[in-house]
Amino acid sequence: MNEEAITRLKEIKEEIKALLYESREIIQTEFTDEYQTANSYWIPHIAGALDKDHEWLGGSTTTFQDTLDSINELETAVCSVCGDTILAGLVGEDGAFCADCAEEEAKNEVQL
């Protein structure tokens with residue numbers, strides 16, 4: 001499992017949220033006729049899909065934050081070759097290998 005990827009996903013969620021609220025503010029100040037519709041429909045839909053921390057009733061059954069939480073709960077192991085963090089389910093009889101190292105190991109076995 002790539003810690004950089006997890007960090008980036010968290011950043012993306014926060015960036016989407018920030019841009020959503022920025023767009024709401026622009027619509028409210030510059031396009032007042034459209035504000036009520038936007039604030040009643042698509043803005044809460046997007047906010048509710050990101051996480052449960054919003055001002056509207058309801059939300060998504062599964063949010064972006066739920067996915068991040070699930071990823072954080074996955075059991076991990078360390079690749080026996082390169083030291084990268086991987087999912088524990090990828091640990092085999094020969095040890096723990098990330099995708100790149102497993103491929104290299106398979107090539108080495110074929111050559112033997």
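**Exercise 1.** In this predicted model, find which residues form a nonpolar patch on the surface, and describe where Trp42 is placed.

*Solution.* The patch on the surface is formed by Ile16, Tyr41, Trp42 and Ile46, which together have about 380 Å² of accessible area. Turning to one of these residues, we find Trp42 in helix 3, which covers residues 42-50. The relative accessible area of Trp42 is 37%, so this residue is partly exposed.

**Exercise 2.** How many salt bridges does the structure hold, and is Lys13 buried or exposed?

*Solution.* The structure holds 5 salt bridges. One of them joins the side chains of Arg8 and Glu15, with 2.9 Å from N to O; here Arg8 is partly exposed at 38% relative accessible area, and Glu15 is partly exposed at 39%. Another links Glu14 with Lys13, whose closest N and O atoms are 3.0 Å apart. Since buried means under 20% relative accessible area, Lys13 with its 4% is buried, whereas Glu14 with 43% is partly exposed.

**Exercise 3.** Work out which parts of the chain are tied together by the pair Lys13 and Asp51.

*Solution.* Begin with the contact itself, a salt bridge between the side chains of Lys13 and Asp51 at 3.2 Å from N to O. Lys13 lies in helix 1 (residues 3-30), while Asp51 lies in the loop between helix 3 and helix 4 (64-73), so the pair ties together parts that are 38 residues apart in sequence. Asp51 also counts as buried, with 6% relative accessibility. Finally, salt bridges with shared partners join Lys13, Glu14, Lys17 and Asp51 into one network.

Notes:
Residues numbered from 1 in each chain as written. Predicted model: local features only at pLDDT ≥ 70, side-chain atom pairs only at ≥ 80, totals over all residues. Heavy atoms only, no water. Patch = residues over 30% accessible without salt bridge, like charges linked within 9 Å, V, L, I, M, F, W, Y side chains within 5 Å. Areas by Shrake-Rupley, 256 points an atom, 1.4 Å probe, with all protein chains shown as cover. Salt bridge = Lys/Arg side-chain N within 4 Å of Asp/Glu carboxyl O. Helix = DSSP H or I, 4+ residues; strand = E, 2+ residues; numbered from the N terminus. Buried < 20%, exposed > 50% of the residue type's maximum accessible area, 1.4 Å probe, protein only.
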